[in-house]
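Colleague: I would like to learn how to read salt bridges in a model such as this one. Could we go through them together, with the structure in view?

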Amino acid sequence: MIRLAPLAAGLLALTSTTALAQGAPPPSNAPSPAETNPLPTTTKPDTSKSGPDPAAPAPEQAPIPRPAQSGAAPSVTPPPSALPTLVPSPGEPNDVDPVTLPAKPVAILSGQTKWEAARANLRASFKTIGETLAKLGLKPAGRPIALFTKTEDDGFQYEAMIPIESAPAQATETNGVTFGSSPSGKALRFKHSGTYEEIDGTYETLTAYLDAKEIDVQDRFLEEYVTDLGEGADDKLDINIYALPK
């Protein structure tokens with residue numbers, strides 16, 4: 001995978017309502033439909049009992065709303081994708097947004113990988129961080145991010161991070177996970193929408209833009225995974241790429 005080689009060279013870059021069928025009125029001593037099982041939407045008349053003429057058209061059926069069940073509605077846990085991004089306003093594909101990155105407390109796991117194994121190793125790093133946070137009773141407070149600290153032709157070094165509300169009072173290394181702060185300050189955001197393998201094209205656009213504008217950036221960059229890194233090569237992803245000007 002060569003996705004960052006150009007950048008490394010150029011940057012060094014309920015309630016549900018259920019319809020109940022209402023047939024002919026029941027005898028006064030019969031239980032009401034709400035006290036018995038609801039009738040099906042269409043009921044075949046029983047000609048063995050007295051009642052309306054079977055040949056007569058069925059009365060118009062009106063839905064009977066079922067009363068809401070007592071008690072509070074079940075709580076809904078937001079999916080991971082509902083966690084906030086570093087910059088609240090979303091970016092647009094092929095656009096460059098000047099933004100200001102806030103310093104966020106993060107759990108960090110350093111690693112290195114070959115390009116062809118990048119997605120799998122990043123995903124494994126985020127999993128390890130998540131498991132460590134769970135053991136420490138901490139919850140993620142933002143989307144996973146990866147700071148690429150050194151890129152080479154065959155791979156790169158990185159710091160995988162997950163934002164948290166605050167670092168533990170006595171932060172000690174657990175499973176290789178440490179605590180610190182995410183990069184902050186002025187940045188240029190490029191949005192990638194597509195498969196992970198197609199991200200090379202976004203980096204080429206990023207490099208061309210920086211060259212055309214003669215913008216010098218730090219020898220590192222940040223990726224923020226707005227959607228989770230899946231295992232499928234055809235998974236469509238949204239990834240924010242942040243270039244950090246000098």
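Colleague: How many salt bridges does the count come to?

Modeller: Side chains of opposite charge can pair when their charged atoms come close. Here the count comes to 5 salt bridges, where the term asks for a side-chain nitrogen of Lys or Arg within 4 Å of a carboxyl oxygen of Asp or Glu. This is a predicted model, in which local features need pLDDT of at least 70 and side-chain atom pairs count only at pLDDT 80 or more, while totals for chains, interfaces and linings use all residues. Residues are numbered from 1 along each chain as its sequence is written, and side-chain values use heavy atoms, with hydrogens and water left out.

Colleague: Which side chain meets R189 in a salt bridge, and are the two residues buried or exposed?

Modeller: R189 pairs with D97 at 3.3 Å, N to O. R189 lies in strand β6 (residues 185-194) and D97 in strand β1 (residues 96-101), so the pair ties together parts that are 92 residues apart in sequence; strands are DSSP runs of E, at least two residues, numbered from the N terminus. Both R189 and D97 are buried, a term for under 20% relative accessible area, with exposed over 50% and partly exposed in between (1.4 Å probe, protein chains only).

Colleague: Where does K114 lie, and what is its partner D154 part of?

Modeller: The side chains of K114 and D154 meet at 2.7 Å, N to O. K114 belongs to strand β2 (residues 105-114), and D154 to the loop between β3 (145-151) and β4 (155-163). K114 is partly exposed at 43% relative accessibility, and D154 is partly exposed at 37%.

Key. Helices (H or I, at least four residues) and strands (E, at least two) are DSSP runs, numbered from the N terminus.
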